[in-house]
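Subject: Structure for your files

Hello,

Here is the structure I said I would pass on. My notes on its aromatic pairs and nonpolar cores follow below.

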Amino acid sequence: MATVTLKGGEIHTLGTLPSTGSKAPDFQLTKNDLSSVKLSDYQGSKLVLNIFPSVDTGTCAQSVRQFNEEAAELDNTIVLCISKDLPFAQARFCGAEGIENVEMLSDFRDGNFGKAYNLEFTDGPLASLHSRAVVVLDENGTVLYTEQVPEIVDEPNYKAALEALMDS
C-alpha cells in the first residue's frame with residue numbers, strides 16, 4: 001500500500017507502482033468512441049501514462065493540458081491520459097479545451113487498470129478512483145520511470161517524466 005495525502009489527510013492505494021525495469025502490466029481501457037484498447041496496441045511507441053482521479057478537477061485538467069503541449073514535440077511517443085471518467089466526459093473536456101495531442105482513456109468498465117498498477121484508492125473521499133501518477137514506458141512496455149504524486153492536489157514532475165524519455 002502507498003500512502004499519499006489529499007490536502008494533508010492520508011489516503012491509501014492498493015500498493016506501489018510497477019518498478020523501474022519491470023514489464024508494465026497489460027491493460028484494457030476504453031477510448032472516447034467506446035472501443036477497447038490494450039497495452040499491446042501501442043507496441044513500438046514510447047508511452048507516457050498520465051494517470052489521475054478526474055479530468056473535472058483543476059490539477060487533473062492542467063496535467064492533460066501540459067502533456068498535450070509537450071506531446072506535440074515528442075518523437076515516437078504517445079501520451080495516454082487515464083482516469084475513471086466516462087469517455088463522454090473525457091471527449092467533452094478535450095473538445096472544449098482543444099486537446100488533440102494526447103489520448104484519453106477510461107478505466108470505468110472494470111477498474112482493472114487501477115488494480116493492475118496498484119493505484120486505486122482504497123479509502124478516503126476518493127476511494128475507487130485513481131491516484132495521481134505518471135508511468136513512462138519504452139517501445140517494448142518496460143517501465144522507465146514512475147512517479148506517485150505524494151499530495152494528490154499537486155501536479156506531477158513533468159520535466160522528470162520527459163527526461164526519462166530522452167534518456168532511453
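Are Phe 27 and Phe 113 buried or exposed? Both are buried (under 20% relative accessible area, with exposed over 50% and partly exposed in between; 1.4 Å probe, protein chains only).

The model is predicted, with local features needing pLDDT of at least 70 and side-chain atom pairs counting only at pLDDT 80 or more, while totals for chains, interfaces and linings use all residues. Residues are numbered from 1 along each chain as its sequence is written, and side-chain values use heavy atoms, leaving out hydrogens and water.

Rings of Phe, Tyr and Trp (its six-membered ring) pair if their centres lie within 6.5 Å; planes under 30 degrees apart are stacked, over 60 edge-to-face, the rest tilted. The count by this rule is three aromatic pairs. Phe 27 and Phe 113 make an edge-to-face pair, at 5.6 Å centre to centre and 80° between the planes. Phe 27 also pairs with Tyr 117, tilted, at 6.5 Å and 55°. Tyr 117 is buried as well. Ring pairs join Phe 27, Phe 113 and Tyr 117 into a cluster.

A nonpolar core here is a set of buried Ala, Val, Leu, Ile, Met, Phe, Trp, Tyr and Cys residues joined through side-chain atoms within 4.5 Å. The largest has 20 residues; Leu 49, Ile 51, Leu 80, Ile 82, Phe 113, Tyr 117 and Leu 137 touch the most other members. Apart from this core lies another, of 19 residues, including Phe 52, Val 79, Met 104 and Ala 160.

Regards
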